[in-house]
Amino acid sequence: LLREGRITRRMLTKVSAAAVIACAGVAEAFAPSSLPSLRSSPANSRAAISSLSMEDPRTKATDTNYGLQKNKAGNVWVPQRARPRRNRKNEGIRSMTRENEVKPSNLIYPLFFHTKDENEPIPSMPGCERHTFDSVLKEVGEAVAEGVSNVILFPKVPDELKTNSADECYNDEGMVPEMISRIKDKYGGQVNVWTDVALDPYSDQGHDGMVSSDKRGDGGMGRIMNDETVDQLCRQVVAQAKAGADVVAPSDMMDGRIGAVRDALDYNGFTDVSCVAYTAKYASAFYGPFRDALDSAPRESSNAPPNKKTYQMDPANSREALIECALDAAEGADMLMVKPGMPYLDIIKLLKDNSNLPISAYHVSGEYAMMKAAVERGWLDEEQAVLEALLCFKRAGADAILTYYAKDAARWMNK
């Protein structure tokens, strides 16, 4: 082919000039032509290569030094009809073709609160505090002003009220019912109040469920009693609904609790109260700062297991999330949640692809703390990094995002 003096453009783009020269030693294997021998001299070789014309069925354009063509005006041209960059060329086009967008209305704002008279900073979560009741009202108002219409409450319960049975969780005059009532009295329908449903804030064992007194559990410790815990959770959601909760969110991971909670609400006349299931809540190392905030870690001195692996999911598993998804949907969940968020984007997408229910993601305390630490060291632009992280949740399939950045992110979005 070389000796015939012509070579197609497709062949030349796959073979470098050096390779052509190297192949000259086998040129006799091809039919003879008038092309000067590539072996005659380096100068002759370069001249022969430069004389090779390029054929393109569309243009018959001349090569540049790099195998590219020239257009009608004589400028270098890559003959590619489809150019994805055309849809990125300016903000007007980019915004028109953008596939996902996060808005303040997609965010859920978590608030820690306690019974003390002053706010307390949470060292492992810079920017977050344990709020007084009045401070919670102020935070809710500021969030609503930025377009955040959903908040979730996490109480720091006094130690003297904690027991293994966590009876304080359904006290009609307890912290959470009082806070719900005050928020609804002040802001009414401007905000949906979510509640966490689990026993750990009220437990002297530091677990989401009641702990047995025997040694038949994992590692020779006590067991987390499933059905007895669910019974308490039903009492808890009814107390919260009576106070005005719009959404209850069982985070305990007990088997069967979604159906039981739904039935308890419906039986007591609260058919309009939504139930968001923590469907895929993993036994993650990213919860540490949250447990600092509420003092809800498993107690070393108790009969309880040292971790929550007997009820929260194994981080190694993904298909197991589909089992939880099917159960929660069948039991009446209105929305499914994945926790943690960023390390589990694949699980968010898995649930999105396999359920018609809305999906929420929890941007957990450990993720928040890592971003804050990087920002404090000047390693990240906080605004840009946070908004990108939230967009990743949305792109993976999250319809709602629970994040400690909710108020700040909403403010950045509104600029």
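User: Before we start, what do the values rest on?

Analyst: This is a predicted model, where local features need pLDDT of at least 70, side-chain atom pairs count only at pLDDT 80 or more, and totals for chains, interfaces and linings use all residues. Side-chain values use heavy atoms, without hydrogens and water, and residues are numbered from 1 along each chain as its sequence is written.

User: How do α13 and α14 lie to each other, roughly parallel or roughly perpendicular?

Analyst: Helices here are DSSP runs of H or I with at least four residues, numbered from the N terminus. Helix α13 (residues 382-396) and helix α14 (residues 406-413) pack at about 100°, with axes 10 Å apart; axes are lines fitted to C-alpha atoms over the stretch in contact, and angles run from 0 to 180 degrees between N-to-C directions. Angles of 65 to 115 degrees count as roughly perpendicular, so α13 and α14 are roughly perpendicular.

User: Which residues of α14 meet α13?

Analyst: Contact means heavy atoms within 4.5 Å. From α13, Glu382, Glu383, Val386, Leu387 and Leu390 take part, and their partners in α14 are Ala409, Trp412 and Met413.

User: Which residue of β14 is the bridge partner of histidine 363?

Analyst: Strands are DSSP runs of E with at least two residues, and two strands pair if DSSP finds at least two bridges between them. Strand β13 (residues 359-363) runs parallel to β14, joined by 4 bridges. Histidine 363's partner in β14 is threonine 403.

Technical notes:
Parallel < 35°, antiparallel > 145°, perpendicular 65-115°, else oblique.
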